[in-house]
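I opened this model to look up a few points of fold and contact, and I note them here in the order in which I took them.

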Amino acid sequence: MPAGVFKETYEADMAFIRYPIHKAALIAAIIALLAAPAVLDRYYLSLATTALIFWVAVMGLNITVGLAGQISLAHAALMGVGAYTVAHAALKLGLNAVLAVPLAGITAMAISVLLSLPSFKLKEYYLAMASLAAQLLLEYAFSRIDPDQYTPVPPEAKVLAGVDLNNPVNLYYFTALVAVLMAVIAANIARSTYGRAMKAVRDNDVAASIVGVDVPLTKALAFAIGGFYAGVAGGLYAIYSVGIGWEAFTLIVSIELLGMVLVGGPGRVVWGSLLGVLTLRTGWTLLESQLTPLLSALGMTAYASAFKYIVLGAVITATIILEPEGLIAVLRRVKEYFRLWPYSY
Amino acid sequence: MQNSSSVIGEAKVDGVWDTSSLYMKKYGAGERILWTVDVTLSFGGVRALDRVSIVVRKGELLGLIGPNGAGKTSLLNVISGVYKPEKGRVFFKGIDISNLKPHERARLGIARTFQHGEMFHSMTVLETIMLRLHPWHRGSIVEAALWAFRAKRWEVEAREKAEYVIDLLDLHEYRHMPVGALPPGVQKKVDLAAAMVQDPEVILMDEPMAGLSREEKDDIVRAIIEIRETRGTTMVLVEHDLEVVTDICDRVVVMDRGKVIFDGPPHEAVKDEAVITAYIGG
């Protein structure tokens, strides 16, 4: 009798679920996702919801930056485009916010493709500069569209087919559904020939063009997908918020998103992004709630926001130095250790 | 005296350079599959290739040798479409491919390996090999995103082709390892496998043995012989190592300073005065 897991087709060997442990993990994840509202109180549930929203955004950025190697500092602005699309579609057109989410994705995608044009000529720092300009330009546009820094998202637009997304539990389930769907899509793109083309462009774009990869098209595609994810995340953020202000989509947020990609694992589109969000966003929020009383006891409340960037900066720098492949690589080493246990190799 | 570099390619038929008649005279019958006519290429003031005309016969293993800077790699780059020559043309199976892009030439059946095996250092062996099938890919990005229909069928098909060459070149254990983490000998084998996955009629190998140890060289030689025996692929081998070339090649073309200085059987090449002078320096 054969011992172990054997595959008889390449299709089976290329599936997401290849080993019994995958199936077990999937079931555990589904139960955890479904049971979260029952276990978590309102505060933690909203933390989970924002984590899922940012997961979507970071997956998109991870495709642009991690997979295709095209640095973008305009990702938060693209989220803003998505958020304002949903808010304005609901306010002015009376469109349902849920139905406006795909529209938000497409709008941000269109703008992201425009932003990809400099990438045909520019690389690395120069491309980062170009995207920085785009971020500031979009911020300026937001400040003209939304001078009061407050655009309400009408609550009546958040009800679709009897499901009221003003209810945090419903909103959580909706966000989780969208996030999981986007994660599956991201994983599929990463393992497809398009994903390989992006990796080839990242590693060596001249060689990529020699082996038959259309480099400009691949870059545009990476920006388009990244933009779509940012737009959807922004749209979800608008549904999550009572009202949106553009201070949520500034340059510093773009840099934080980039930090999440670097810390989680660049190129590890799904799980790396999730780890990045859990560390830098959720992790920080939890830490902050512990630190705030401490800081106020020390009379340092005024420095609270500076403190945030000192800690985040230190975490990002430490990750880049100690584990350039991100925290996901640490997890993989742990997995490898237990796979071989009790032997060392 | 007539320079021996232009023995082939001197005949002008109807105003077009044609090598066929002289080729036939020199080598007799035998189908030519790939040939260049008077290829000239300069970098700035340096003439890398000077009216180079070579012929590759179907099924043969042609060694392309010469000292550093002789223009071997440049010629390979012209044939595979990386460089566009100033003058001259490249033909493949009777078709003028001079104006085609590298991947269009790949689609016609010309594959190549690279001097630096570690081209996509963070990609795994399997990904590197499957990447080379990208010009043939089917299925839109939407199908790929859903892992469905044509995209899924194509991925499975590509995987099957990749596994065939992994099996052929014995790369099983490295399948999921990033190419950058592999020893140079294995990287070169991966590169060879990546070229083979395109199921080419001609494979151009750019110094597949440069910088390798004796054992690694033997491994590559075995792989080359294995491919010839199982697939009958026509091969052009750019190499420094004269010993390897004389051992396995059917014919050699020796280049020096952008010109062809010898074209014939390997055992004659090592005795040829012009070749010896070029190698030793004179």
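The model is a predicted one, in which local features need pLDDT of at least 70 and side-chain atom pairs count only at pLDDT 80 or more, while totals for chains, interfaces and linings use all residues. Residues are numbered from 1 along each chain as its sequence is written, and chains are lettered from A and ligands numbered from 1 in the order in which they are written.

I then looked up the make-up of chain B, which has 11 helices and 13 strands; helices (H or I, at least four residues) and strands (E, at least two) are DSSP runs, numbered from the N terminus. Of the 282 residues in chain B, 47% are buried, where buried means that 20 or more other C-beta atoms lie within 10 Å of the residue's own, exposed means 12 or fewer, and partly exposed is in between, with C-beta atoms placed from the backbone.

Helix 2 of chain B (residues 72-80) is mostly covered, with eight of its nine residues buried, and among them are B:Lys72, B:Leu75 and B:Asn77. Just after this helix, I noted that B:Gly81 has a positive phi of about 95 degrees.

Next I turned to where the chains meet, a contact that takes 26 residues from chain B and 21 residues from chain A. On the side of chain B that touches chain A, helix 6 of chain B gives the most, with five residues. The residues on that side divide into 16 nonpolar, five polar and five charged, counting Ala, Val, Leu, Ile, Met, Phe, Trp, Tyr, Cys and Pro as nonpolar, Asp, Glu, Lys and Arg as charged, and the others, Gly among them, as polar.

Last, I checked A:Thr107, which lies in helix 5 of chain A (residues 97-116). Is A:Thr107 buried or exposed? A:Thr107 is buried, because 23 other C-beta atoms lie within 10 Å. Leaving out residues up to four places away in sequence, A:Thr107 touches A:Val81, A:Gly82, A:Thr85 and A:Gly231. A:Thr85 is 22 residues from A:Thr107 in sequence, and their C-alpha atoms are 7.5 Å apart in space.

Definitions and conventions: Contact = placed C-beta atoms within 7 Å.
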